[in-house]
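Take a look at the model below. A few questions and answers on its packing, its pocket and its backbone follow.

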Amino acid sequence: MKKKANPMENAVHYSLNKNPLPLLLASQDEALRYFARREFLFETVPPVSCLWDLPEPRRICRKQRPDGSWHYPGRTDYDRRQNYSLLETYRNLRILVEMYRFSNEHPVIVSAAEYVFNCQTEEGDIRGILGNQYMPYYHGVLLELLIRAGYGDDPRILKGLDWLISMRQNDGGWIVPAQAVPPRDRTPEFWLSDPVAPDRTK
């Protein structure tokens, strides 16, 4: 019986100079092979949770602290100007959620999500990586990771999205208000002061 042509394989063949599928399928990265088979070859594969027990995600999970955060390498002191634990939690969530598709069905994600939500202010933004200053870009990507992990209907996510929309510029984009402050004025006190409001005309 003749094998049915795979439309994605043909699309890859015609849009690129070289078909990357053989290299993807030969990769030593088990997660990469899994998604290549699922997304490009449309194969029936086990539930994505089979990736959660691979060595790399297990190593990351073991390092999670009791409060749901991760320790930023090389930092032995707490700096109020920058929440390094929130930064490292973002970095590890990005790997677990994007590369291994962890979700809130895993206790590590539940714990990490609660830590991130504990960094949410009354205004609705997730704050701390830039001291007490607004950080729409980190805020937005943290929301994305939590939504992808299964928190899309959580009222704290909706509050965070409302905040993000409220911070839009007149042209519909976003800026990081602190970047408009001259470097000489970004003193230690500046990072701990009230957040700079955006100039919406920029």
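**Helix packing, pocket and backbone**

Q: Which residues in H5 do Pro-57, Ile-60 and Cys-61 in H4 meet?
A: Contact means heavy atoms within 4.5 Å. Helices are DSSP runs (H or I, at least four residues), numbered from the N terminus. On the H5 side, the partners are Asn-92, Ile-95 and Leu-96.

This is a predicted model: local features need pLDDT of at least 70 and side-chain atom pairs pLDDT 80 or more, while totals for chains, interfaces and linings use all residues. Numbering starts from 1 along each chain as its sequence is written, and side-chain values use heavy atoms, without hydrogens and water.

Q: At what angle do the axes of H4 and H5 cross?
A: Axes are lines fitted to C-alpha atoms, for helices over the stretch in contact, with angles from 0 to 180 degrees between N-to-C directions. H4 spans residues 55-62 and H5 residues 84-99. Their axes come within 11 Å and cross at roughly 145 degrees.

Q: Which helix gives the most to the lining of the largest pocket?
A: A pocket is an open set of points on a 1 Å grid over the protein atoms alone, where a 1.4 Å probe fits, with protein on both sides within 12 Å along at least five of seven lines; lining residues have an atom within 4 Å of a point. The lining includes Glu-56, Trp-70, His-71 and Arg-91. H4 and H5 each supply at least two of its residues. The top contributor, with 4 residues, is H5.

Q: How many residues of the pocket lining are charged?
A: Asp, Glu, Lys and Arg count as charged; Ala, Val, Leu, Ile, Met, Phe, Trp, Tyr, Cys and Pro as nonpolar; the others, Gly among them, as polar. The lining of the largest pocket has 4 nonpolar and 2 polar residues, and the charged ones number 5.

Q: Why is the pair of Tyr-72 and Tyr-84 tilted?
A: Rings of Phe, Tyr and Trp (its six-membered ring) pair if their centres lie within 6.5 Å; planes under 30 degrees apart count as stacked, over 60 as edge-to-face and the rest as tilted. The structure holds 8 aromatic pairs. Here the centres are 5.0 Å apart and the planes are at 55 degrees, so the pair is tilted.

Q: Where does Phe-42 lie?
A: Most residues other than glycine have a negative phi. Phe-42 is not a glycine, yet its phi is positive, about 55 degrees. Its place is the loop between helix H3 (30-39) and H4.
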